[in-house]
Amino acid sequence: MIQSKALKKPDTTEEKIKEAARIVFYRKGYAYTRTRDIAEESGINLALINYYFRSKARLFEIIILETLSSFIESILEILIDEQTSIETKIQIIVSSYIDLIIKEPEIPTFIVSELRNNPNELLAKLPLRHKTARSVFSKQYKEAVDSGIIKEPNPLHFLMNLIGMIVFPFIAKPLLMKANNLNISDFNQLMQERKKRIPIWIKAMMDA
């Protein structure tokens with residue numbers, strides 16, 4: 001099971017502020033969170049929060065980047081794991097990614113915004129030093145293509161399909177919920193169902 005740094009018990013003033021901010025951002029969303037809300041949740045005065053982090057936007061960026069970095073490192077560990085098959089890798093990535101975004105619902109919006117406005121800066125801050133082209137996953141994928149198990153020779157199509165199936169519903173969540181009269185519990189249940197269905201759909205596409 002992939003765990004983010006969000007689960008670490010805070011033991012310093014800075015960590016207590018970040019943990020409180022994470023709780024409030026999750027509960028209220030970035031737009032409706034005030035720095036004063038974070039101060040009340042953490043029990044730390046507003047001046048000290050501003051001293052450590054300067055602004056709500058800066059605090060939000062730090063929290064999201066820490067969460068993303070931890071998650072990406074975990075995903076890279078899966079891709080270079082020689083003991084798991086491609087099918088198992090897909091299942092772990094799908095389940096872990098959906099769990100992460102349900103817990104940290106601001107992540108997709110943050111990524112889309114940053115990729116549109118500051119793509120180079122965002123990529124520089126994330127731990128992408130490992131190249132998937134050198135991973136065990138890429139070797140396994142090539143072997144599957146060479147043996148005829150997978151028909152699509154370009155692994156980028158596979159990765160784009162996989163990421164799109166996971167992330168797009170979360171980006172389109174407001175529209176999907178409104179158009180289908182869903183509450184947040186209904187939506188999250190749909191995402192839980194996708195944990196089982198996405199690997200099936202991906203396998204069907206790989207075989208096509």
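**Exercises on Ile-93 and its setting**

Leaving aside residues up to four places away in sequence, Ile-93 touches Ile-75, Ile-78, Leu-79, Leu-162 and Ile-166; the model in which these contacts are found is a predicted one.

**Exercise 1.** Locate Ile-93 in the secondary structure, and decide whether Ile-93 counts as buried or exposed.

*Solution.* Begin with the element: Ile-93 belongs to helix α5, which covers residues 86–103. Next take the relative accessibility, which for Ile-93 is 10%. Because the cut-off for a buried residue is under 20%, Ile-93 counts as buried at that value.

**Exercise 2.** Determine how far Ile-93 and Pro-199 are apart in sequence and in space.

*Solution.* First compare the positions along the chain, where Ile-93 and Pro-199 are separated by 106 residues. Then turn to the C-alpha atoms of Ile-93 and Pro-199, which lie 9.7 Å apart. For the protein as a whole, residues 24 or more positions apart make up 68% of the contacts that have a separation of 6 or more.

**Exercise 3.** Describe the fold pattern, the extent and the surface of the protein.

*Solution.* Start with the elements: the protein contains eleven helices and zero strands, so that reading along the sequence gives α-α-α-α-α-α-α-α-α-α-α. Of the 208 residues, 42% count as buried, while the protein exposes about 12,400 Å², of which carbon and sulfur atoms supply 55%. Finally consider charge: there are 30 positive and 25 negative side chains, and the centres of these two sets are 3 Å apart.

How values were computed
Residues numbered from 1 in each chain as written. Predicted model: local features only at pLDDT ≥ 70, side-chain atom pairs only at ≥ 80, totals over all residues. Heavy atoms only, no water. Helix = DSSP H or I, 4+ residues; strand = E, 2+ residues; numbered from the N terminus. Buried < 20%, exposed > 50% of the residue type's maximum accessible area, 1.4 Å probe, protein only. Contact = heavy atoms within 4.5 Å. Areas by Shrake-Rupley, 256 points an atom, 1.4 Å probe, with all protein chains shown as cover. Lys, Arg positive; Asp, Glu negative; His and termini not counted. Charge placed at Lys NZ, Arg CZ, Asp CG, Glu CD.
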